[in-house]
Amino acid sequence: MGASLALLLKGAAVTASVSAAAIALGVPLGLALALIRWRRVPLLSQVTAAYVSLIRATPAITLALLIFFALPTFGVALDPTTAAVLTLTINTSAFNCEIWRSALIDFSRDQLDAAAAFGMRPGVAFRRIIFPQIWRTSLPALVNEMTLLVKASPALAVIGIVDLTRAASRIGAATYKPLPPFIAATVLYVALVLVLVAVQRLVEARVKRRLQAA
Amino acid sequence: MIAGFGIVAAHFREFAAGLANTLWLAGATLVLASVLGCILAALMLSRTRFVRTSIGLFVDAMRCVPFLLLAYLVYYGLPELGIRFDSWSSGLSALAVYHACYVAEIVRGAWSHLPREQIEAGRAYGFSGYALFRRVVLPQLFFAAAPLIGNQTVYIIKDTAFLMIITVPELTFVASSIQATYFVPFASFMFAMALYWIVTLVVEASVRRIEAAAETRRAG
Amino acid sequence: MQAEDQPVVAVEARGLCKRFGKLEVLKKVTFTVPRGTTVCILGPSGSGKSTLLRCLNFLEQPDEGEVLLRGERVGVKDGALMKERELCAFRVRMAMVFQHFNLWPHLTALGNVIESPIHVLGRPRETAVEDGRELLRKVGLADKTDVYPHTLSGGQKQRVAIARALAINPEVLLFDEPTSSLDPEIVGEVLSVMKQLSSEGMTMIVVTHEMSFAHEAADAVLFMDGGRIVESSAPDEFFAKPRTERARQFLQRYVR
C-alpha cells in the first residue's frame, strides 16, 4: 500500500510539474497571440486566428500524438516530457489567447484615449495602463483554463508520461483492485484543482485590499 | 510528407468511419447528458437539503476530475464491483455522466438567471402550473442554456478522443492506427485535426444561429 | 515679462475636414487661438465640437486640413501620418481634460498626475511627486493624493484630471465638455479652477455648454453648427447681439 501511495504521489508530482510548466509558458504565449490579433498585425493576425481556432478544436490526445510522432519526421526528436509540456502549452495558449483577447476588446476606450492624449506610445500604455488591469479581470478565466489543463493532462499517457491517471491505472492493473487507486487519484486531482482555486482567491483578496486602502 | 497525404487519402473510408463513430458518440452523449443534466439540475434545486447537498457534491466532484479518469473508473474499476461494460458502453456512459454534470451546472445557472418579469407577465395572462412552465419558462430556459450547451458540445467531441485509449475506434484511434501502420504521422493526425476543426466550426456556427434567434426573442 | 506687440498663435486649424463613413462631421474648419487666451467652442449636439477638439491632438485624424501648434504642423509629416514617437511628442504639448475624466483607476490621484511626467517625459520621480502634490493642492485636493479615483466624487475626479493635465506643462489645455457629466451642484468647483487657470494666462480651448463660463472667462467664442464655425466673436458681442439666425436660436434655447 505504501509503495502504491508513493507511485501515486510521484504521478501527481508529474502531473503538477508538467501542468505548471505549461501554465507558465502558455499564459504569456496566449497574451502574445492576443496582442497580435488586437493590434491587427497584418498577415500574422489572420494566421493566429486560424491557428487558435484549429488548436481549440483539437483534442489534447490528438495534439500530443501529432507532436510526439510527427516532429521526428521533420528532424526534431523530442523526449516525452518536452513533448508533453509543448503539447499542453500549445493547447492552453490557444484558449488563453481568447481570454486575453476578450479582456483587451472590453478594455475601456476612455482610458486608452487618455493614455494616447498624454503621449503614451502603445507599448507604454500596455505596460502601465492596460496590463495592470486586465490581468486582474482575466484571472478567474485564466485559472479556470488552468483547471481544464490539469484535466486534459492524462492525455499525455499516450506519449509515455506516467501522470497521476496512468499511475493509478498501473497500480490497479498490478493489484487487480483498480478502484482504490482511482478513488485516491480522484482525491488528488480535486486537491490540485482546489490549490489553483485557493491561489486565485488569495490573489483576488490581496488586490481587493490594496484597492480599498485609501 | 506529401506522399503521406496520399496514403491518408487512400484510407479515407476508415477515417470517415472513425469520424462517424466520433459523431455518433458525441450526439448520443449530448442527448443523454442533456436529459440527465436536467434531472440533476432539478435535484440540485430540491427542497430536501440532503438531496441538494449530495447531488451538488457529486456534480462538483465530477467537474474536478479528468474525464479519462472517469472512463478508466467505469471500464477498469466497475468490474471490481461486478459491473462489466465493454469499451463502447463504458465510453458512452462515462461521457454521458461526466457531461451531464456540466449541463446540470448550465441549466442551474440559466434557471437562477431567468428574468422574473416574463414569468410574472405569464401569470398575469392566466398561465399557471404546467402550461406556465411549458409556454413561458421552458423557451426562456432553452434560449439561455442552448448556447452554453452548444459550447459544451465542442468539449464532448474533444473528450471522445480520450476513448481511443480504451480502444474505441473513433477518429483519433483510426488516425493513430493508420500512422502506426504506414508511418505517416503528420498527414494522419493533421487530417484528423482538420476533421475535428470542420466539425467544431459547424457546431460553433449553429450556436451562433441559436444565439441570434435568442436575441430576436429577447428583443421582441 | 513677455510684452508682445503681436500675439503669438498657439494653435491654428486650417480647413479641417472629417468624415465618419458618409457623414461629414467637420467641413473646412479654420480658426486661430492666440497664446494666453481662452477660446470657448459652443454649439448644439452633433455640431462637431468634440470631433474638432480631438482632431487638434490627433486623437481623430482629420481627412483634410492642417493643425499647427506654434507654427509647427501636427500629425502629418511629408504627406504621411507621423510616426507614433513624433505624434506623442506633440500630444504632450497639448493636455486634454475629458468629459468622463478618463482617470486610470488602478492608480491613486497622485499616481494619475505623475504617470505621464515620469513615463513619457522622463522626469525623475521625486520631482514629479513634488510637483504633483503641489498641483493637487492647487486644485484643492491636497488631502486626496493617495486615494483611488473610485472613492472620489465627479467634481474631485475632474479636478484630478486637470491637475494631471497641468503636470505635463502643456502649451495648450484642451477641455472636452469638462462639466457635462457632473451634478449641477458640483459644476461650480471645476469651473472655478478653470477660471483661475484662464486668469493666470493659460491657453485654453474649451468645448462646453456652460454659458456663464463662456461669458465670464472666454476671450473669444466660436459657435459651431453642422460641422462649420458659423460665428466667431467676443463673448459680450456673441451673447448680447448674435449675428446669425442659428446662433440666435441656439441662445434662445440655452439662455433665459
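A: Ala146(B) counts as partly exposed because it has 18 C-beta neighbours inside 10 Å. A residue is buried if 20 or more other C-beta atoms, placed from the backbone, lie within 10 Å of its own, exposed if 12 or fewer do, and partly exposed in between. The model is predicted, with local features needing pLDDT of at least 70 and side-chain atom pairs counting only at pLDDT 80 or more, while totals for chains, interfaces and linings use all residues. Residues are numbered from 1 along each chain as its sequence is written, and chains are lettered from A and ligands numbered from 1 in the order in which they are written.

Ala146(B) sits in helix H7 of chain B; helices (H or I, at least four residues) and strands (E, at least two) are DSSP runs, numbered from the N terminus. The C-alpha atom of Ala146(B) is 12 Å from that of Glu204(B), 58 residues away along the chain.

Another alanine of chain B, Ala187(B), belongs to helix H9 (residues 185–219). Ala187(B) counts as buried because it has 23 C-beta neighbours inside 10 Å. Between the C-alpha atoms of Ala187(B) and Pro115(B) there are 50 Å, at a separation of 72 residues along the chain.

Both helices take part in the interface with chain A. Here 31 residues of chain B are in contact with 28 residues of chain A, where contact means that the C-beta atoms of two residues, placed from the backbone, lie within 7 Å. On the side of chain B, two or more residues each come from helix H3 (49–64), helix H4 (67–77), helix H7 (129–160), helix H8 (171–182) and H9. H9(B) supplies the largest share of that side, 9 residues. By class, that side holds 24 nonpolar, 5 polar and 2 charged residues; Ala, Val, Leu, Ile, Met, Phe, Trp, Tyr, Cys and Pro count as nonpolar, Asp, Glu, Lys and Arg as charged, and the others, Gly among them, as polar.

Chain B and chain C do not touch, and their nearest C-alpha atoms are 26 Å apart. Chain C instead meets chain A, with 21 of its residues in contact with 18 of chain A. Helix H2 (84–91) and helix H3 (109–119) of chain C are the elements that give two or more residues to its side, and H2(C) gives the largest share, 4 residues. The side of chain C divides into 10 nonpolar, 7 polar and 4 charged residues.

Chain C itself has 9 helices and 12 strands, and 46% of its 256 residues are buried.

The largest nonpolar core has 201 residues, of which Ala64(A), Ala71(B), Ile41(C), Leu174(C) and Ile205(C) touch the most other members. Helix H5 (residues 87–112) of chain B contributes the largest share of this core, 13 residues. A nonpolar core is a set of buried Ala, Val, Leu, Ile, Met, Phe, Trp, Tyr and Cys residues joined through C-beta atoms within 7 Å. Beyond its neighbours within four places in sequence, Ala64(A) is in contact with Thr87(A), Ala155(A), Leu156(A), Val158(A) and Ile159(A).
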